[in-house]
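Take a slow look at the fold below. Begin with the whole chain, then zoom in on one strand.

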Amino acid sequence: MKPVVISGSGVFTPEHIISNEALVASFNQYVDLFNAEHSEAISAGTVTALDYSSCEFIEKASGIKARHVLYPEGITDPYVMQPIVRRRGEDEMPEMVEMALKAATVALAQAGRTPSEVDLIICAASNIQRPYPALAIELQQALGAQGYAFDMNVACSSATFGISNAVNAIRGGTARCVLVVNPEFASPQVDYTNRDSHFIFGDVCTATVIEAEEDTRSAQAWRILGMKLKTEFSNNIRCDVSYLEHCFPDIDEKVPFFRQQGRKVFKELLPLVSDHIASLLDELAVPAAELKRLWLHQANINMNQFAARKILDREVLAEEAPLVLDRYANTASAGSIIAFSQYQQGLEVGDKALLCSFGAGYSVGCLVLERCR
Ligand code: COA
């Protein structure tokens with residue numbers, strides 16, 4: 001099969017940062033307001049009093065210290081507790097396309113490609129801002145790219161599944177230069193009044209350029225030695241918002257939000273991930289000991305440390321499995337691509353590495369890479 005490479009990558013990081021301290025302060029103010037407002041019902045036992053959140057818990061349980069968001073206003077206002085977003089008109093670019101344009105520009109420059117050389121754009125993300133026309137087609141127009149474009153969603157594995165679609169398009173002959181963008185505008189899916197999940201997500205966009213190795217002009221490229229995708233249905237990470245929403249007679253105000261059974265996810269997903277990686281390495285006859293870097297999904301520090309130890313079967317140094325979730329929080333499918341894009345230092349031609357996402361679905365997307373330039 002024709003060797004295919006990732007020849008460029010880019011990250012767009014929103015400028016606004018919300019620290020755990022700021023998030024917890026507003027959450028705790030909200031708790032005080034809620035409990036005061038419902039004091040009689042709480043005393044009568046008909047409403048449960050809310051508990052404070054804590055920075056110590058968040059950092060220890062998840063590894064998250066801060067997150068970047070597009071719209072901080074509202075998130076840290078105890079009277080609002082959600083991002084305040086102005087509805088954009090048809091003549092304005094949606095946020096996800098705007099983010100993608102910025103990340104794409106960096107990735108294309110790194111690949112040494114002009115936008116007009118791109119003949120397929122895949123917009124792969126956990127939330128797609130509108131059903132149609134596809135965001136990818138608007139990005140295609142904004143960039144001046146050729147060919148065709150489409151959106152896709154496999155939640156936290158959208159990026160790796162998107163890259164795999166790109167590889168298949170190149171091998172199948174339907175595209176030569178593919179741009180995969182992952183605009184994870186995740187902050188609006190968070191229920192900021194829920195202590196279990198108010199800290200989890202941040203916004204970011206990543207982009208990768210995929211092309212045949214024989215075509216690449218990039219100074220630094222990663223050959224895709226193999227890839228393996230897996231899905232297995234689970235309700236443990238879920239979001240139900242739908243275009244049907246306005247038709248339902250019973251309006252559930254919690255519906256638009258991300259929700260999860262974090263402990264169950266931990267227990268069920270980790271074995272799935274480690275078995276999946278082991279079987280891909282086996283198929284490729286690449287011993288785990290040859291992996292010089294693990295760019296893993298960025299949802300939880302404890303999960304990543306566990307997975308890294310399991311893959312390499314030894315204690316793993318921080319630089320071998322770089323974490324970005326302390327600064328970015330969980331950025332859904334973009335997490336492992338941020339790590340890939342920002343932590344390639346020290347890797348030489350011939351070195352092998354692993355790129356792996358896991359999350360809702362459940363879904364696991366795994367690629368074994370070898371630096372070839
Ligand atoms: N501040 C203080 N305490 C909190 C809290 C907060 N913000 N949120 C929850 N707690 C409390 C809980 O109420 C619970 O109290 P209890 O023991 O009295 O019942 C305790 O802390 C432990 O809660 P738990 O939910 O069991 O914590 P955890 O160690 O499982 O960590 C997650 C929670 C969400 C960080 C963790 O489960 C996780 O990240 N799971 C994997 C998620 C994942 O990969 N998802 C993929 C999405 S893409």
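Predicted model: local features only at pLDDT ≥ 70, side-chain atom pairs only at ≥ 80, totals over all residues.

Residues are numbered from 1 along each chain as its sequence is written, and side-chain values use heavy atoms, with hydrogens and water left out.

The protein has ten helices and 13 strands. Both are DSSP runs, numbered from the N terminus: helices (H or I) have at least four residues, strands (E) at least two. The radius of gyration, taken over C-alpha atoms, is 21 Å. The globule rule (2.2 Å times the number of residues to the power 0.38) also gives 21 Å for 373 residues, so the protein is as compact as a globular protein of that length. Its C-alpha trace spans about 70 × 55 × 35 Å along the principal axes.

How much of the protein is buried? Of its 373 residues, 53% count as buried, meaning under 20% relative accessible area with a 1.4 Å probe, protein chains only.

Now zoom in on strand 4, residues 120–124. Five of its five residues are buried. L120, I122 and A124 point one way, while I121 and C123 point the other way. Strand 4 runs parallel to its partner, strand 5 (residues 148–152), over five bridges. Two strands pair if DSSP finds at least two bridges between them. Across this pairing, A124 stands opposite M152 in strand 5.

Note on methods
Buried < 20%, exposed > 50% of the residue type's maximum accessible area, 1.4 Å probe, protein only.
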